[in-house]
Amino acid sequence: MQRFAFVLLVLGSIFAYNASAAPLLKPYNPSADAKAEIQAAMTAAQADHKPVLIFFGANWCPDCRALAKSLSGGKNAALMHQHFNIVKVDVGNFNRNLDIAERYGDPIKKGIPAAVIVSPAGKLLYATQAGELANARTMSNAGVNAFFEQTLKKIDATR
């Protein structure tokens, strides 16, 4: 009886872990209306004066999932919340929402995840062009934070 209770406890723990990790395992919604989400974020940006950060990625991409996980907690989540209105655009197997990526200079051409930052007025402030985030699996949380802190400094310097 104790063994049975132990097995149930272990299975319950595994289920609870998987349920809590599920959103991070699939950070991109393939059925989302990306254009509508970007428009909503732009409307919010005009109200709160924070730029829109658009991530391009896919759930099959380990680097996309790693970046989403890194940005979901601690200093990185605080940085994202403080400075950006965020939209995640699913590119599928490079067969979905490509028109949106092209509108912003095709930041996905060197890999995903990719990112663009757009001012509340709609001006492109930054776009990955050389696969800067395509190795997110190897970036530490501190490395991801440093990347976005440096990107914010570059944007501020050009304003």
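How many cavities of 30 Å³ or more does the structure hold? I find one. Before going on, I note that this is a predicted model, where local features need pLDDT of at least 70, side-chain atom pairs count only at pLDDT 80 or more, and totals for chains, interfaces and linings use all residues. Residues are numbered from 1 along each chain as its sequence is written, and side-chain values use heavy atoms, with hydrogens and water left out.

**Cavity.** Rolling a probe the size of a water molecule over the atoms shows where empty space is left. My terms: on a 1 Å grid over the protein atoms alone, a cavity is a set of points where a 1.4 Å probe fits but cannot get out, while a pocket is an open set with protein on both sides within 12 Å along at least five of seven lines; lining residues have an atom within 4 Å of a point. Points are joined across faces, edges and corners, and a volume is the space filled by probe spheres set on them. The largest cavity comes to about 40 Å³. I listed its lining as Tyr28, Phe55, Cys64, Leu67, Ala68, Leu71 and Lys88. Helix H3 gives the largest share of that lining, three residues. Sorted by class, the lining has six nonpolar residues, no polar and one charged (Ala, Val, Leu, Ile, Met, Phe, Trp, Tyr, Cys and Pro are nonpolar; Asp, Glu, Lys and Arg are charged; the others, Gly among them, are polar).

**Pocket.** The largest pocket holds about 150 Å³ of space. Its lining includes Pro62, Arg65, Leu67, Arg137 and Val144. H3 and H6 each supply at least two lining residues, with the largest share, six, coming from H3. I count the classes here as six nonpolar, three polar and three charged.

**Layout.** I looked up the elements next: six helices and four strands, taken as DSSP runs (helices H or I, at least four residues; strands E, at least two) numbered from the N terminus. Along the sequence they read α-α-β-α-α-β-α-β-β-α.

**Rings.** Which residues form one aromatic cluster? They are Phe55, Tyr126, Phe147 and Phe148. Rings of Phe, Tyr and Trp (its six-membered ring) pair if their centres lie within 6.5 Å, with planes under 30 degrees apart stacked, over 60 edge-to-face and the rest tilted. That rule gives four aromatic pairs. Phe55 and Phe148 have ring centres 6.0 Å apart and planes at 75 degrees, so I logged them as edge-to-face. Phe55 sits in strand S1 (52-57) and Phe148 in helix H6 (141-158), so the pair ties together parts 93 residues apart in sequence. Both are buried (under 20% relative accessible area; exposed is over 50%, partly exposed in between; 1.4 Å probe, protein chains only).

**Either side of S1.** Pro51 lies in the loop between helix H2 (34-48) and S1. At 9% relative accessibility, Pro51 counts as buried. From Pro51 to His83 is 32 residues in sequence and 7.2 Å in space, C-alpha to C-alpha. Asn59 I found in the loop between S1 and H3 (62-70). Is Asn59 buried or exposed? Its relative accessibility is 18%, so Asn59 counts as buried. Leaving out residues up to four places away in sequence, Asn59 touches Leu25, Lys26, Pro27, Tyr28, Pro30, Arg65 and Asp90 (contact means heavy atoms within 4.5 Å).
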